[in-house]
Amino acid sequence: MASRRIRQLGDPILRVRCEPVHDPKSPAVRLIADDLRDTLRVARKKYDLGRALAAPQIGAPVRVIFVEINKPKFRAVLVNPEITDVGAEDFLVWDDCFSFPNLLVRVNRAYRATLRYTDLKGKDVTMELEGPMAELLQHELDHLDGILALDRPSGLDPFAFRSEWEKLHKPADRYGPPRPREV
Ligand SMILES: [Zn+2]
């Protein structure tokens with residue numbers, strides 16, 4: 001069990017464009033994946049949030065993401081993930097991040113996305129994502145390019161401390177309805 005420190009806003013590694021993985025089956029990738037899993041599980045107990053972590057958040061600037069969700073049940077290590085297509089609708093999301101856990105940012109995300117990645121056995125996988133899963137993977141893939149939710153504020157007054165937001169909103173307010181993309 002190796003839970004690592006989650007890098008916090010201001011750490012330059014969060015701004016690096018991460019390197020592609022050449023061998024998804026290598027022990028080095030397995031180690032990063034295990035550390036992401038252990039770190040996510042420890043952090044989830046501490047903050048009562050979190051569905052995924054990207055490798056740069058534990059100090060490894062490579063294109064690896066670990067996702068673990070209970071509803072619907074889904075757990076995967078994504079190597080070299082890419083979003084290959086998005087649907088015609090967007091939605092607004094109050095986003096958060098383990099790298100700045102006390103701040104929420106309202107961002108605009110595609111409501112549907114097609115995700116392609118390689119798993120730890122070297123197999124290519126394609127998935128259709130919708131709603132919370134779609135926005136989650138857009139958030140995590142941004143991490144691999146050094147982009148944070150803070151870089152994508154949308155609308156008036158897009159930032160809120162978690163404590164203030166929780167006074168005014170219910171958890172269901174996190175997600176707006178899907179709507180046609182504004183161009
Ligand atoms: Zn994040």
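This is a predicted model: local features need pLDDT of at least 70, side-chain atom pairs count only at pLDDT 80 or more; totals for chains, interfaces and linings use all residues.

Me: How many bridges join E6 to E3, and how many join E6 to E7?

Reply: Five bridges join E3 to E6, and the two strands run antiparallel; Asp85 has Thr114 in E6 as its bridge partner. Seven bridges join E6 to E7 (residues 124-130), again antiparallel, and Tyr117 stands opposite Val125 in E7. The hairpin of E6 and E7 has five residues between the strands, and Gly122 takes a positive phi near 90° there.

Me: Why is strand E6 called largely enclosed?

Reply: A residue counts as buried when its relative accessible area is under 20%. Five of the seven residues of E6 (residues 112-118) are buried, so the strand is largely enclosed by the rest of the structure.

Me: How do you know that the length of helix H1 agrees with expectation?

Reply: The expected span is 1.5 Å times one less than the number of residues. For the 21 residues of H1 (residues 27-47) this gives 30 Å, and the end C-alpha atoms are 30 Å apart, so the two values agree. Just after H1, Asp48 takes a positive phi of about 60°.

Me: Which residues of H1 are buried, and what covers them?

Reply: The buried residues are Val29, Ile32, Ala33, Asp35, Leu36, Asp38, Thr39, Leu40 and Ala43. Their cover includes strand E1 (52-54), strand E2 (64-69) and strand E3 (74-86).

Me: Which strands belong to the sheet of four, and which of them are its edges?

Reply: This open sheet has the order E8-E5-E4-E9, with antiparallel pairing. Strand E8 (159-161) and E9 are the edge strands, each pairing on one side only. E4 and E9 run antiparallel and are joined by two bridges, and at least two are needed for strands to count as paired. Asp90 has Arg179 in E9 as its bridge partner. Helix H2 lies across E4 and strand E5 (103-110), running at about 105° to E5.

Me: What makes Cys97, His139 and His143 donors of the zinc ion?

Reply: A donor atom here must lie within 2.8 Å of the metal. Cys97 (SG), His139 (NE2) and His143 (NE2) coordinate the zinc ion at 2.0 to 2.3 Å, and these distances meet the criterion. In sequence the donor residues are spaced C-x41-H-x3-H. Both histidines, His139 and His143, lie in helix H2 (residues 132-144), four residues apart, about one turn of the helix.

Me: Why is the pair of Phe91 and Tyr175 called stacked?

Reply: The search of the whole structure finds three aromatic pairs. Rings pair if their centres lie within 6.5 Å, and planes under 30 degrees apart count as stacked. The centres of Phe91 and Tyr175 are 6.1 Å apart and the planes are at 15°, so this pair is stacked.

Me: Where in the chain do Phe91 and Tyr175 lie?

Reply: Phe91 is in strand E4 (residues 89-95), and Tyr175 is in the loop between helix H3 (162-168) and strand E9 (179-180). Ring pairs link Phe91, Tyr111 and Tyr175 into a cluster.

Me: What makes the accessibility class of Phe91 and of Tyr175?

Reply: Buried is under 20%, exposed is over 50%, and partly exposed lies in between. Phe91 has a relative accessible area of 1%, so it is buried. Tyr175, with 30%, is therefore partly exposed.

Notes
Residues are numbered from 1 along each chain as its sequence is written. Side-chain values use heavy atoms; hydrogens and water are left out. Rings of Phe, Tyr and Trp (its six-membered ring) pair if their centres lie within 6.5 Å; planes under 30 degrees apart count as stacked, over 60 as edge-to-face and the rest as tilted. Buried means under 20% relative accessible area, exposed over 50%, partly exposed in between (1.4 Å probe, protein chains only). Donors are N, O and S atoms within 2.8 Å of the metal (3.2 Å for Na, K and Ca); water is not among the atoms, so sites may look incomplete. Contact means heavy atoms within 4.5 Å. Axes are lines fitted to C-alpha atoms, for helices over the stretch in contact, and angles run from 0 to 180 degrees between N-to-C directions.
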